[in-house]
Amino acid sequence: MCIKPVFRTFLLLCLLLALPLPVAAQTGVQDLNILINAYPDLHITATIDTAVNDYLLQFDHPETGKHYEFYWCRGAVLPESERANASEYWSLLYHYDNTLRDPADMTSEEQAALAEFTTRENRRNSAGTPMFFFDAVYSATSERDIERHIQRMTFLGKRTRVHERIAEPLRRVEKRILDECARDAELQKFVDGLASCDAFTWRLIDGTNRKSFHSLGIALDMVPVYYGGEAFWSWARDHNPTGWMFTPLRRRWMPPKFIIDAFEAEGFIWGGYWSVWDNMHFEYHPELIDKMKATQG
């Protein structure tokens, strides 16, 4: 890409003075801009720390007033104390592909990789999502701290507890669904068949040493009275240890497509699109929805 001389001088000045770089100049860090824009109320600034040749992200939490600093670390977003351990963490922004993939189309290499990834030993010891940024955003450094930000509400007629930051997006999801229920009897039947909509609970991800997003109150499970199919990969593995990943789509319990689309429209991802599928599960990740949109053009 050809950079005009005046603009090149401006970029050099930004680097020397550690000023925020313009979006167009952040070659290779599109994800950084997506993350910043996904949480506009945080007013995150990104400057170059020339001592370590990395972006330094800073913000003051709008509710608590606490100041936070993180290094980009190729998307892991880590405090300075964890920079040396960056290889132990995934990038915050992975590619969320909202397309159902038939397991019959998996290659033998993909099958082997998925089998290895889901072993109990690998799940306990492998790299995982770094929670430092999310713990800061949702004040989730301890169960006692986050309890102050958890509020009770009803969702589709079910009592639940969620983080205060996602209450409004969740209400907008509910409105989309209920408006459509007035026109769609089958969708109303699905809603009537829900047993619960469980959100906040302080716990680890099953089979790992990593905290669940339920612990932040930003994940919600839509639990039906009757599944009528496999809903969670781990449960399927319990009675089919070697073949669970081949469970046909027709044998998986799934919420209606309208439900999934309504959640995505408000910044939530659906666990049913993961290779390790969790079809009950929705998580609030506007950064992943924005990255998906950017990828799809």
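Me: What makes helix H2 (residues 30-38) mostly covered?

Reply: In this predicted model, 7 of the 9 residues of H2 are buried, where buried stands for a relative accessible area under 20%, exposed for one over 50%, and partly exposed for whatever falls in between, with a 1.4 Å probe and protein chains only. The buried ones are Asp31, Leu32, Asn33, Ile34, Leu35, Ile36 and Ala38. Helices here are DSSP runs of H or I with at least four residues, strands are runs of E with at least two, and both are numbered from the N terminus.

Me: Which elements do the buried residues of H2 pack against?

Reply: They pack against strands E1 (45-49) and E2 (54-60), and against helices H5 (132-137) and H11 (286-296), contact being defined as heavy atoms within 4.5 Å.

Me: How do you know whether histidine 43 is buried or exposed?

Reply: The relative accessibility of histidine 43 is 62%, so this residue counts as exposed. Histidine 43 sits in the loop between H2 and E1, and its phi is near 50 degrees, which is a positive value in a residue other than glycine.

Me: And why is cysteine 73 put in the class that it has, buried or exposed?

Reply: Cysteine 73 has a relative accessibility of 12%, and therefore counts as buried. Its phi is also near 50 degrees, again a positive value in a residue other than glycine, and its place is in the loop between strand E3 (67-71) and helix H3 (108-117).

Me: What is the class of threonine 118, buried or exposed, and how do you know?

Reply: Threonine 118 counts as buried because its relative accessibility is 3%. This residue lies in the loop between H3 and helix H4 (120-125); leaving aside neighbours within four places in sequence, threonine 118 is in contact with Arg123, Trp233, Arg237, Trp244 and Val276.

Me: What places arginine 250 among buried or exposed residues?

Reply: With a relative accessible area of 74%, arginine 250 is exposed; it is found in the loop between helix H9 (233-239) and helix H10 (257-265).

Me: Which residues have the most contacts inside the largest nonpolar core, and what makes a set of residues such a core?

Reply: A nonpolar core is a set of buried Ala, Val, Leu, Ile, Met, Phe, Trp, Tyr and Cys residues joined through side-chain atoms within 4.5 Å. The largest one has 79 residues, and those with the most contacts inside it are Phe133, Phe155, Ile177, Met222 and Phe263. A second, separate core of 5 residues includes Leu56, Tyr71, Ala76 and Leu78.

Me: Why does the radius of gyration of the protein chain agree with that of a compact globule?

Reply: The globule rule, 2.2 Å times the number of residues to the power 0.38, is compared with a radius of gyration taken over C-alpha atoms. For 297 residues a compact globule would have a value near 19 Å, and the protein chain has 21 Å, which agrees. Of these 297 residues, 48% are buried, and the secondary structure comes to 11 helices and 9 strands.

Me: How are residues numbered, and what limits apply to the values?

Reply: Residues are numbered from 1 along each chain as its sequence is written, and side-chain values use heavy atoms, with hydrogens and water left out. As the model is predicted, local features need pLDDT of at least 70 and side-chain atom pairs count only at pLDDT 80 or more, whereas totals for chains, interfaces and linings use all residues.
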